[in-house]
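Here are some notes to read alongside the model. Please keep the sequence and the 3D view open while you go through them.

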Amino acid sequence: MLRSLKSDTQSMKTKRLFVLLLALIAVVLSASVIVGFQHHKNALYTHEQAELEQATIHVQSELDEQLDALQRTTEIGATNSELTRHGSQSQQRTLETFVDRSSFAGASVIAANGTMTAIVADSGRPEATVGDDFGDRVYFQRAMAGETYVSEPIEAKSGNYILTISTPLSENGTRVGTLNAAFHLDDGDFFTQFVSTLEDEQGLTIGSQSGERIYTAAPSPNADLMERQTTLSETNWTVSVSESRVPIQERSRELSMLQGSALVFVLGTLSLFGWWVYRRNLAQLDGLLAGFEALENKDYQTRISLEGADEWQRIEHGFNQLSRTLDGHMRERKAYEQRLERQRNDLETLNQVLRHDIRNDLQIVLAYGDLLADHVEADSDSEEYLETLQDSASQAVELTKTAREMADVMLTNPDDRQQLFLSPVITDVVEDVRSQYTNAAVSIEGRAPETAVLANGMLESVFRNLVKNAVQHSDKAVPEVTVSMHDDGSDIIVRVADNGPGIPDDRKDEIFGKGERGLDSAGTGLGLYLAQTLVDAYGGDIWVEDNDPEGAVFVVTLPKAE
């Protein structure tokens, strides 16, 4: 009953998660459509504003060029020396030719004293002004000051705006008057040529420096406008290009309707798909979840039966096959654990025998050997036999120590580690080896790091085997062994260096093998193997290098305890 309740609960959770997933997908899709629409709407406005800015700059550039061309035309005309002959027929004819060959509606010459000496115009009676004083006119004063001046547009009675461009007339380096050209802004297509470069829905407004509107072409439609302005470099006129937001809003509404329809379609399709998946697949979860619940409770005799699509039939077959496989593995595992337990008990028994019985007997042999030494004649065969007996017994004692340590390693849980500081461990090892090998010079170099490593009580065996190995394999009368330690940031590195014969490159990896002995070694061949086994269990590494100038260096790295 409890298993059934758990299965039903799990099934309900899965169904709820499925519904929540569909709802989440629907929300994400809806949000994506809304955000996408808003992004596209903003992009439309940004694009239109950028085009409006570009159109404004284009009109400004073209209008500046047109006004600059009018100024250059006036300046070129002023270079004709006949215009400086005030009141002469040649001055009048030259002025008429200038007007005929340019786009100006008229022109006049004012002498340096402010008196008009010649004028040409296409309407009215301009000659009546010849002889009048124009010295108070701004355009005359600015031109006499040495600049080509573009005046403010003046609205005539006809409603047309007239622009006067004045430039100085010079003779032999002296300003003798001004040439004044009149340009009718409403004539021809002066402003309409700029409007023609704009889009149909864009409008153009030109304002003078004083703020008077001198030209207007309204946009279509003329409502909800966005506008960009700039100023002409020569005349400080204001150029404004405007555009209605109405067309953009209409396009946005059309896009919104299209995206809304697409969203409704996608959500409808998603709902239908969810219903189909729910009916076809989720109904099979109850049986599958109940089966896994049984496997979790180690009931490997469980078999399930599923209906529906071929995929569920394959799942049923796979589950039942898995259940049978697990059942077989569980039987094998139980048999293996029983066998392992017997072997562990046997190993503990052997370890106990090595620790006590055999070692105690060997100690007795060594003790009686020492007693016999006083009763054996020197340099006799008996003395040689006794030495052989004592050496063999000592090696047997060492063998029991190594075998005991191997048994301890096998019986130790690799995860049963604790924080240990290397300094006391290395110190004990060095003092122990010094007491056993009085002819050897064993020392510690430098200060030990104050950082702990993760290991267990067998860590001492690692360094004792390395130091003793260095002494035993030395070919010197006084073996020298130096132990040093340092912290490299992530690991503690211990180096055991000797002055022995060294280790050939082709044997640097082999010496850590089980039962490998060095040349003329009296050891068991298990010391280095035991050291590597323990270092690997601690998550570290061990290798051998050449010492300088002679000998070998055993390097051990151990991860620092966090």
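1. A strand here is a DSSP run of type E with at least two residues, and strands are numbered from the N terminus. The model is a predicted one.

2. Is T230 buried or exposed? T230 has a relative accessible area of 18%, and buried means under 20%, so T230 counts as buried.

3. Leaving out residues up to four places away in sequence, T230 touches T56, Q60, W237, T238 and V239. With one of these, Q60, there is also a polar contact between side chains, at 3.5 Å.

4. Helix 2 runs over residues 89–100 and has 12 residues. At 1.5 Å a residue it should span 16 Å, and the C-alpha atoms at its ends are 17 Å apart, so the two values agree.

5. Which residues of helix 2 are buried? They are S90, Q91, T94, L95, F98 and V99. An α-helix has 3.6 residues a turn, so residues three or four places apart point the same way.

6. The second largest pocket holds about 780 Å³ of space. Strand 1 (106–111), strand 2 (116–121), helix 3 (138–144), strand 5 (161–171) and strand 6 (174–184) each give two or more residues to its lining.

7. That lining of the second largest pocket has 30 residues, and I119, Y139, I162, T164 and A182 lie nearest the centre of the pocket. By type, the lining residues divide into 16 nonpolar, 10 polar and four charged.

Definitions and conventions
Residues numbered from 1 in each chain as written. Predicted model: local features only at pLDDT ≥ 70, side-chain atom pairs only at ≥ 80, totals over all residues. Heavy atoms only, no water. 1 Å grid on protein atoms, 1.4 Å probe; cavity = no way out; pocket = protein on both sides within 12 Å on 5 of 7 lines; lining within 4 Å. Points joined across faces, edges and corners; volume = space filled by probe spheres on them. Helix = DSSP H or I, 4+ residues; strand = E, 2+ residues; numbered from the N terminus. Nonpolar A, V, L, I, M, F, W, Y, C, P; charged D, E, K, R; others polar. Buried < 20%, exposed > 50% of the residue type's maximum accessible area, 1.4 Å probe, protein only. Polar contact = N/O pair within 3.5 Å; in protein donor to acceptor, adjacent residues only side chain to side chain. Contact = heavy atoms within 4.5 Å. Expected span 1.5 Å × (residues − 1).
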